[in-house]
Amino acid sequence: MNKIKVAVLGATGSVGQKFIELLSDHPWFELHEVAASGRSAGKLYKDATNWIMQSRLNDKYGNMLVKNCDTKLESKIVFSGLDAGVAGQIESGFAEAGYIVISNARNHRFDPDVPLIIPEVNPDHLKLVETQKTKGCIVTNPNCSTIGLVLALKPIQDLFGIESINVVTLQAISGGGYPGVPSMDILDNAIPFISGEEEKMESEPLKILGSLNGKTVSNAEIKISAQCNRIAVNDGHMECVQLKMKKNADAYELKKILREFKSLPQELKLPSAPEYPIMYFDEDNYPQPKIHRNEGKGMSVSVGRLREDSLFDIKFVVLSHNTIRGAAGGTLLIAELMKEQGYFEKVLA
Ligand SMILES: NC(=O)c1ccc[n+]([C@@H]2O[C@H](COP(=O)([O-])OP(=O)(O)OC[C@H]3O[C@@H](n4cnc5c(N)ncnc54)[C@H](OP(=O)(O)O)[C@@H]3O)[C@@H](O)[C@H]2O)c1
């Protein structure tokens, strides 16, 4: 099979680098172009980026010339890891010019005709793409903390319904991009504020768990309260979750449905789909970022400590890799789903 040529916008950043790493051996997509700001354009990728991935930067990509984020790019599929300060306009420009943009930035997540997708949770929402008026389209990936939370909630919402959620996060520094929080602020410390994060966590799950009614999504009716903290961990966001459910379920039943959960990406055997989207651990002190963030090549969320709660019904801990499942890997899975369901042909026809 001929690989599909793709470009990465914001290729020099934290998410951009993860794209480069994951695309290096992708069976369907070939990294054809890298683009970033005017500060990087015109330089070789290896000179424009401060490579912080653990794998070696492949020479083939290191020697690529960084391009500007303009619609002269040859690849019609573009993955965006752009800073939210500029992503809105740049991504709209690409969609108008006929490109398929799959984005990690927050800017278009709540546009009524833009799907906000976790492939295991709401693959049906991709249909919203057909209502977009542009020649190309925009599809978005949720916030990195939202993804871990909602993936773990999906089987519970489907079987028992969720009334309210309280979530407290412990988020890794790579979630703030590169170079992120100054080392003197984060070492030996925890910071109880991440700008805009609580608002995203309280709103995005409602759209993702909402139902598609023709041309719009009706939000799920769930009350959510979120408190977000930055901690001195490199990768992997941990979340302590309390839930009130609409129907009763005991801990044994809930652990079983989390363990057994599989969805469309697993059925379609998409290349980035983990065999088990949710890994449940019985050990009292699991999950932990250092040990579990790479479960399912970083695409599984790890859940543990599920037990009854004296204020809500149950509580548990979720962990997910913020730049893989929470960003670049999640975006690739969306792209694989779109390809498999014929959206590339439909939009680019
Ligand atoms: N980090 C995470 O875990 C995570 C998870 C989910 C979603 N996100 C979202 O993903 C996006 C990228 O995050 P990040 O953590 O990778 O940020 P980052 O490390 O700060 O990287 C930002 C990228 O945007 C580019 N950029 C900045 N200004 C630009 C301009 N005027 N024109 C074109 N390109 C420009 C930068 O290029 P230069 O190097 O040339 O400046 C860089 O490649 C953000 O919207 C973020 O909210 C991040």
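In the predicted model, Lys 3 touches Trp 28, Phe 29 and Glu 30, residues up to four places away in sequence being left out of the count. Lys 3 itself belongs to the segment that precedes β1 (4-9), and although 25 residues separate Lys 3 from Trp 28 in sequence, their C-alpha atoms are 5.0 Å apart in space. Because 13 C-beta neighbours fall inside 10 Å, Lys 3 is classed as partly exposed.

The largest nonpolar core comprises 91 residues, and Val 8, Ala 11, Ala 35 and Val 78 are those with the most contacts inside it. Helix α11 (residues 324-340) supplies the largest share of this core, namely nine residues. Since both domain 1 (4-143 + 328-348) and domain 2 (144-321) give residues to the core, it lies between them. For Ala 11, when neighbours within four places in sequence are set aside, the contacts are with Gly 16, Phe 19, Ile 20, Val 34, Ala 35, Ala 36, Tyr 45 and Val 66.

A helix pair was also examined. The axes of helix α5 (residues 144-160) and helix α7 (residues 197-208) come within 9 Å of each other and cross at roughly 45°, an angle that makes α5 oblique to α7. The crossing of α5 and α7 is right-handed. On the α5 side, Ser 145, Thr 146, Leu 149 and Val 150 take part in the contacts, meeting Glu 197, Lys 200, Met 201, Glu 204, Pro 205 and Ile 208 of α7.

Notes:
Residues numbered from 1 in each chain as written. Predicted model: local features only at pLDDT ≥ 70, side-chain atom pairs only at ≥ 80, totals over all residues. Core = buried A, V, L, I, M, F, W, Y, C linked by C-beta atoms within 7 Å. Buried ≥ 20, exposed ≤ 12 C-beta atoms within 10 Å, placed from the backbone. Helix = DSSP H or I, 4+ residues; strand = E, 2+ residues; numbered from the N terminus. Domains from an automatic or database assignment. Contact = placed C-beta atoms within 7 Å. Axes fitted to C-alpha atoms, helices over the stretch in contact; angles between N-to-C directions. Parallel < 35°, antiparallel > 145°, perpendicular 65-115°, else oblique. Left-handed = near helix turned anticlockwise from the far one by under 90°.
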